[in-house]
Each structure stands twice: as structure tokens, then as C-alpha cells.
Amino acid sequence: MRLADRLAELIRACFTAIWVVSHEHDDALAEIGQLCHREGWRLATWDLERGLAIPGHPTPTDHGSDPWAAIRSVASLASEDGTAVLALLNFHRFLAMPETIQALCHQISLGKLQRTFIVVIAPLVQIPPELDRQFIVLEHELPGRQQLLEIAEGLAEDPDDLPRGPELERVLDAAAGLSRYQAEGAFALSLTRHQRITAEAIWMLKSNILLQCGLVKLYLGEDRFDGLGGLDALKAFALRALRRHRNSQEELRPRGVLLLGVPGTGKSAFAKALGSETGRPTLALDVGTLMGSLVGESERNMRQALKIIDEMAPAVVFIDEVEKGLAGVGGAGDSGVSSRLFGTLLTWLNDHVSDVFVVATCNDVARLPPEFSRAERFDAIFFLDLPSAKQKQAIWDLYIARFHL
């Protein structure tokens, strides 16, 4: 359901304080503006730079440096038979001041009588305890495939600029998880670089975006199964699971595999090649890098990393040497941080509904917590052993043929 539709329901139900979580203020305001125009509601916006602006007024009212006056001004928008909405941008920066909190408390209570509604648009939720029970939170969701397609079609001036068929599906898969602003920039960059929209250019930009957060890494290699000797049963199982899901309408999605074995058996190489073989990005999740120095930072990093993974679906997620990342589970040396991270990861593995195929590897099964390998977290567990002499010879022959030695 679109943001405007959810917002309309809350306003009709007379929720007078609504918090919209969004990194795209212009798009959120555009949806709110269209809603107010359609319903005949009055709309005013406020931010610190431009002050209070009311559509239809040539210049904004001078409340740029006074957040309390902006809150009080919503009463002047009220009418006997109408509805008024005040949108406050980045207003979480002012909610540490008691004067602002008290002004909001007063106006939220009056809003039910005056039919006036306050909508805070901010990139995160920071509601003080005095207002915690009065606000209801909405999330401005990232664009879906249809919206991404509309953005791409808006930029494509020539029919050849936008691919069709399976290649278009790859473009939309690559753009999944991008905001509207990022998607527009990625499509424009692809047109500038290749004179057409391609998935490869979008992935390059996406890898740079992931570097900013540092929680998940994107692997953009060209490894394929024909360059990886052995593991025939594992290859066939993974390909059958992913291709069957893609070609069917079944709601049951493949969840992933757990690979157990000593170093050198091809576990990491398989995970990297699987993404290229199935046309999916390979996202590397290193549990150790999620650890933070502040209280609650590690848990927040884990939740954010899993959210990024869900948004980038369909994808292959590679968790290498998982027993080392979860080494502190069950101990008291880190005040239970590892156990909480482990619990969050287990819950996600069991409950996530995104089209994500997880490949987790483990070198020492004795150090792996038993909860990790229980049923319904993975589709299968494979025990990999070192290649036999016959397999080694086949791998060597493949190596010679590949590099023309």
C-alpha cells in the first residue's frame, strides 16, 4: 500500500500525530500533497531553512527559526468543516527541547477537535518518551519494480535505451533496494556510460553505495561453475532450487545451504560462483565487522545489514566461516552481545520472506552452535571433503585447458 493510502486511513481515523520515516522528503511530500489535493485538505510544510509554507501563498511565512511558532500556526489552518495537515521536515532535531515537546503535546490533543494533523518526516525515529504513545509511525517504502520501471522509462528517450524481456528483469533486479533518487542516478549513469540502461552499470554504483554503510559487501566477480571442479551434487541442488523457484509461481522460496568442511574444499568459491551462474548479486556478510564500541551499536548494525539484504533481493548471501563470527555465543566476555547478534540472525534465517539464498560456510563444526543447523533454516547441509586424486587430476586438466598451459 502506498504512503498516501496509509496516511489517508490514519487521518480519517483521527490519528493527529504521524511520524513518516523517509530519506526522500520530496517524494514523501509529493505523495502527501497529492493526497491533500484529492481530498480537499489544507496542507502546510515547515523546515528550518524555508520556514512555514502554505500552498497558494506566494512567499513562505517567516517562521524559519521558530519551531514552536510553526506548531502553533497549525491552529490557524483549522476550519469548521475542513482538515488541515502540517508536515514538519527533519523535526526530530528539535524534539530534545522541552518547549517543543509541550507545544506538540498541546497541539496533538487539540487536533482531534480541530481536525488538524501533524506529520513529521524524518530519516529515523527519535520520539521522546512524553510523545511516544501519541505518535504512530509509518515507513515510506522504497520503490517497487513498477515504480523503478516508470523511472527508467522516463529517462529512456529512445526505444533501444531500455532493454526488454529477461534483460529488463535483470535491470530491475539490480535496481532493487535503491531509493528513487539513487535509481534515477543509476539509470542516468548507465545511459551516459553505455548509451543504454544495463544491469552491470547499476551494480557498479550499488557497490559504491554499500561501501558507505560498510555492513555488507557486494561481490562483482565473473566466476562460473565451469571453472570450479567437483561439487557436482551441490551445484545441481542449488541451481535446481533457484531455477525452479524463478520459473514457478510457488510461494515457497529456497532458503539456502550450509557447507561444512575443512579449508580448501571450495566452499567460498562455490558461493561466489553461484551468484554469477544464476544472475544474482553475491552479498558478503561478515558478522565480525558488525561489532561496535557503543552499547547497542552491534545489534543495530546487524538489523540494518539484514534490512539491506532484504531490500536487495533477489540475491545470494555469503556468510563465510560463520563459527568464527559467532565465537562468543554462550560466553560472558562481551556482555551477551554475540548471543544477541546470533539470536537476531537465527530469527531472520527462519522468518525472512525475501528472495535471498544463503550460503553459510563452516570449517570447524564442533565450534558451530547447534541451533544454527536446525531444520527450516537451510534447505540442505553439505559435508565437503578434500578432492580425491582423480578429482585433483580433473581439476588440473581443467586448469591447463583454461589457461592454455
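Six aromatic pairs are counted in this predicted model, where rings of Phe, Tyr and Trp (its six-membered ring) are taken to pair if their centres lie within 6.5 Å, with planes under 30 degrees apart counting as stacked, over 60 as edge-to-face and the rest as tilted. The pair of Trp46 and Phe91 is edge-to-face, because the ring centres are 5.5 Å apart and the planes stand at 80°. This pair links distant parts of the chain, since Trp46 belongs to strand E2 (residues 42-47) and Phe91 to the loop between strand E4 (84-89) and H4, 45 residues apart; helices (H or I, at least four residues) and strands (E, at least two) are DSSP runs, numbered from the N terminus. Trp46 is buried, with a relative accessible area of 1%, and Phe91 is likewise buried, at 0%, where buried means under 20% relative accessible area, exposed over 50%, and partly exposed in between (1.4 Å probe, protein chains only). Together with Phe94, these two residues, Trp46 and Phe91, form one aromatic cluster.

In the pair of Phe225 and Phe270, the ring centres are 5.6 Å apart and the planes are at 10°, so this pair is stacked. Phe225 is placed in the loop between E7 and helix H9 (232-246), whereas Phe270 is part of helix H10 (residues 267-278), so the pair ties together parts that are 45 residues apart in sequence. Both Phe225 and Phe270 are buried.

The model is a prediction in which local features need pLDDT of at least 70 and side-chain atom pairs count only at pLDDT 80 or more, while totals for chains, interfaces and linings use all residues. Residues are numbered from 1 along each chain as its sequence is written, and side-chain values use heavy atoms, with hydrogens and water left out.

In soluble globular proteins, nonpolar side chains tend to be buried together. The largest nonpolar core of the model has 57 residues, and those with the most contacts inside it are Phe187, Ile309, Ile319 and Phe372; such a core is a set of buried Ala, Val, Leu, Ile, Met, Phe, Trp, Tyr and Cys residues joined through side-chain atoms within 4.5 Å. Helix H13 (residues 337-351) gives the most to this core, with seven residues. Apart from this core lies another, of 28 residues, among them Ile54, Phe94, Val120 and Leu131. Leaving aside residues up to four places away in sequence, Phe187 is in contact (heavy atoms within 4.5 Å) with Leu148, Ile151, Ala152, Leu155, Val171, Ala175, Ile197 and Ile202.

Strand E8 (residues 256-261) pairs with E12 in the parallel sense over five bridges, and Leu259 has Phe382 as its bridge partner in E12. Within strand E9 lies Thr282, which counts as buried at 3% relative accessibility. Residues touched by Thr282, not counting those up to four places away in sequence, include Lys217, Leu218, Tyr219 and Phe318. Thr289, found in the loop between E9 and H11, counts instead as partly exposed, at 42% relative accessibility. Between Thr289 and Leu215 there are 74 residues of separation in sequence and 7.1 Å in space, C-alpha to C-alpha.

Two helices may be described in turn. Helix H8 (residues 199-213) has 15 residues and reaches 22 Å from its first C-alpha to its last, close to the 21 Å expected at 1.5 Å a residue, the expected span being 1.5 Å times one less than the number of residues. Its buried residues include Ala199, Ile202, Trp203 and Leu210, and the cover over the buried residues of H8 includes helix H6 (166-175), helix H7 (180-194), strand E7 (217-219), strand E9 (282-284) and helix H11 (297-311). Gly214, which follows H8, has a positive phi, near 70°.

Helix H4 (residues 98-114), with 17 residues, reaches 24 Å from its first C-alpha to its last, close to the 24 Å expected. Among the buried residues of H4 are Thr100, Ile101, Leu104 and Gln107, covered by elements that include strand E1 (17-21), helix H3 (67-77) and strand E5 (116-122). Just after H4, Arg115 takes a positive phi of about 60°.

Key
Two strands pair if DSSP finds at least two bridges between them.
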